[in-house]
Amino acid sequence: MRYAHILSTGRYVPERVLTNADVERVLGEPVDEWLRQNVGIEQRHVMADHEVTSDLCVHAAEQAMRRAGVTPEQVDLLVIATDTPDYLSPATASVVQAKLGARNAGTYDLNSACAGWVTALDVASKTIAADDSYQRVLVVGAYGMSRFVNWKDKRTCTLFADGAGAVVLGAGDTPGFLGARLLAAGEYHDALGIYTGGTYRPATSETLALTQGRPAVQFLRKFPATFNTERWPVLLQQLLGRARLTLDDVDVFVFTQLNLRAIEATMQVLGQPMSKTHWTMDKWGYTGSACIPMTLDDAVEQGKVKKGDLVALCASGGGLAMASALYRWTA
């Protein structure tokens, strides 16, 4: 039997910081107290004018590869999870391959919005298990949503940020990857997203005039405020049940980093202490498809993830896509 193992983690946080006070100056109204109390965000990082999503990926990937002792030429497959690609086509993964010099790697992008990286981890892990020609797989989650934010829309500009997180996967003969569970509530596909630029609404001059400018992320209709706190526990319990494990067996939970209050409520529903989770939205804002690998890397750096630990990942995002995965930590 072949199993996927996480060999290393890496991340990239852009240098430019926007505090809540900075956002208040842009909006012309107070948001700091509300964000701290209701969301848990104190600041966020955004990429420089010269940076694009593929650059974020490269920085995170290089750190993960250095830590794993893997060279770009040793990477067999490169998967990028993002819904803010460099281009509609070709895939950002091909751009990253060129920038890294990973000339032997196959490439593809995966878009499940903010559930994308956990979904990509599932697919990549199963690829390693199924095909022994894949020895090293690089899985990167990246978010460049600042390029799609309307800085006068306080529902979005207060939350979204940029960054990237990565892992290097390798093959082992003991269980590392223990399974995943994917789900979606597709009836909410028209609630949150970037709806201009594709075939539904091409970015023509007429369309851009009607939509008041460039493609931007929008909240168009409400979805249940308790969506995550209701769905995450069910998803995790289903996944753990399949693995014949319990919630108490989990050492570290890592959730989508949109709202600290939602994470607190979820841990309460699960009957687990907050000491068994980790959060980064306070310092990095909401980094979408990058937030779970970035937060996982931060937890590893801080010694909260140790060899032998059972790590549960749970993500959700536009679509509304959801993904959870279990890993026995072997790094």
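Four strands form an open sheet, ordered 8-13-12-11, with mixed pairing. Two strands count as paired if DSSP finds at least two bridges between them. Strands (E, at least two residues) and helices (H or I, at least four) are DSSP runs numbered from the N terminus. Strand 8 (177-184) and strand 11 (252-255) are the edge strands, and each pairs on one side only. From one strand to the next, the twist averages 10 degrees. Axes here are lines fitted to C-alpha atoms, for helices over the stretch in contact, and angles run from 0 to 180 degrees between N-to-C directions.

The model is predicted: local features need pLDDT of at least 70, side-chain atom pairs count only at pLDDT 80 or more, and totals for chains, interfaces and linings use all residues. Residues are numbered from 1 along each chain as its sequence is written, and side-chain values use heavy atoms, leaving out hydrogens and water.

Strand 8 and strand 13 (residues 321-328) run antiparallel and are joined by seven bridges. F177 stands opposite Y327 in strand 13. Helix 8 (residues 227-242) packs on the sheet. Helix 8 touches strand 8, strand 11, strand 12 (310-317) and strand 13. Contact means heavy atoms within 4.5 Å. The direction of helix 8 makes about 40 degrees with that of strand 13.

The core has 78 residues, and W117, L169, F253 and F255 have the most contacts inside it. A nonpolar core is a set of buried Ala, Val, Leu, Ile, Met, Phe, Trp, Tyr and Cys residues joined through side-chain atoms within 4.5 Å. Buried means under 20% relative accessible area, exposed over 50%, partly exposed in between (1.4 Å probe, protein chains only). L169 touches residues including L7, L121, I128 and Y327. A second, separate core of 24 residues includes V70, V96, A105 and V140.

Helix 1 (residues 20-27) has N20, V23 and L27 as its buried residues. They cover an arc of only 60 degrees around the axis, which puts them on the same side of helix 1. The arc is that of the directions from the helix axis to the C-beta atoms. Just after helix 1, G28 takes a positive phi of about 75 degrees.

Key. Lists of a residue's contacts leave out its neighbours within four places in sequence.
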